[in-house]
Amino acid sequence: IIFANLDRFEIEMRKYVEQIRAERDALEEWMRVRSLNFIPSQSNFILLFPREADAFDRTLRSFGIRARSFGPSSGIEAARRLTLPGNTNAFALLQRALNETLNAS
């Protein structure tokens with residue numbers, strides 16, 4: 001039973017990693033097309049430098065999404081960390097919210 005559970009866990013983890021990769025690739029392409037400033041990633045998040053950080057934050061919050069911001073001594077205080085959800089529905093919501101951030105700025 002333990003090995004069966006480990007096998008299922010490995011399968012689920014691989015699916016999750018593939019979902020994150022697909023989301024990351026799609027989001028990075030979306031940002032490239034719109035000439036947005038970001039740092040490409042190999043992780044489950046992307047570092048984005050929105051044009052209007054406060055408006056960006058407000059718009060995302062209106063969708064129930066928070067992007068991590070950084071303090072004034074970080075050197076990247078204008079950046080926002082967007083965590084990829086690894087979930088199709090949550091990613092669709094993130095995409096809608098990001099599209100709205102462009103309309104808000």
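Phe 56, Thr 59 and Leu 60 in helix H2 meet Ala 97, Leu 98, Glu 100, Thr 101 and Ala 104 in helix H3, where contact means heavy atoms within 4.5 Å. The residues of this contact divide into 5 nonpolar, 2 polar and 1 charged. In this sorting, Ala, Val, Leu, Ile, Met, Phe, Trp, Tyr, Cys and Pro count as nonpolar, Asp, Glu, Lys and Arg as charged, and the others, Gly among them, as polar. Helices (H or I, at least four residues) and strands (E, at least two) are DSSP runs, numbered from the N terminus.

Before going on, a word about what you are looking at. This is a predicted model, in which local features need pLDDT of at least 70 and side-chain atom pairs count only at pLDDT 80 or more, while totals for chains, interfaces and linings use all residues. Residues are numbered from 1 along each chain as its sequence is written, and side-chain values use heavy atoms, with hydrogens and water left out. The score called pLDDT is the predictor's confidence in each residue, from 0 to 100. For this protein its mean is 92, and 97% of the residues reach 70 or more.

How do the two helices lie against each other? Two packed helices are described by the angle between their axes and the distance between the axes. The axes of H2 (residues 53-62) and H3 (residues 88-104) come within 9 Å and cross at roughly 140°. That makes H2 oblique to H3. Axes here are lines fitted to C-alpha atoms, for helices over the stretch in contact, and angles run from 0 to 180 degrees between N-to-C directions. Angles under 35 degrees count as roughly parallel, over 145 as roughly antiparallel, 65 to 115 as roughly perpendicular and the rest as oblique. The crossing of H2 and H3 is right-handed; a crossing gets that name if the near helix is turned clockwise from the far one by less than a right angle, and is left-handed if anticlockwise.

Buried means under 20% relative accessible area, exposed means over 50%, and partly exposed lies in between (1.4 Å probe, protein chains only). Just after H2, Gly 64 takes a positive phi of about 80°.

Now step back to the whole protein. It has 3 helices and 3 strands, and along the sequence they follow the pattern α-β-β-α-β-α. The C-alpha trace spans about 55 × 30 × 25 Å along its principal axes. Of the 105 residues, 30% count as buried. Among contacts between residues at least 6 apart in sequence, 58% join residues at least 24 apart.

Leu 94 lies in H3 and is buried, with a relative accessible area of 5%. Leaving aside neighbours within four places in sequence, Leu 94 is in contact with Leu 27, Ile 65, Leu 82, Thr 83 and Pro 85. With Ile 65, 29 residues away along the chain, the C-alpha atoms are separated by 7.4 Å.

Arg 81 belongs to strand E3 and counts as partly exposed, at 24% relative accessibility. Beyond neighbours within four places in sequence, the contacts of Arg 81 include Phe 45, Ile 46 and Leu 47, as well as Ala 67 and Arg 68.

Ile 39 sits in strand E1 and is partly exposed too, at 41% relative accessibility. Setting aside its neighbours within four places in sequence, Ile 39 is in contact with Ile 46, Leu 47 and Phe 49.

Finally, look at the loop between H1 and strand E1 (37-39), where you will find Ser 35. Is Ser 35 buried or exposed? At 60% relative accessibility, Ser 35 counts as exposed. Ser 35 also has a positive phi of about 55°, although it is not a glycine.
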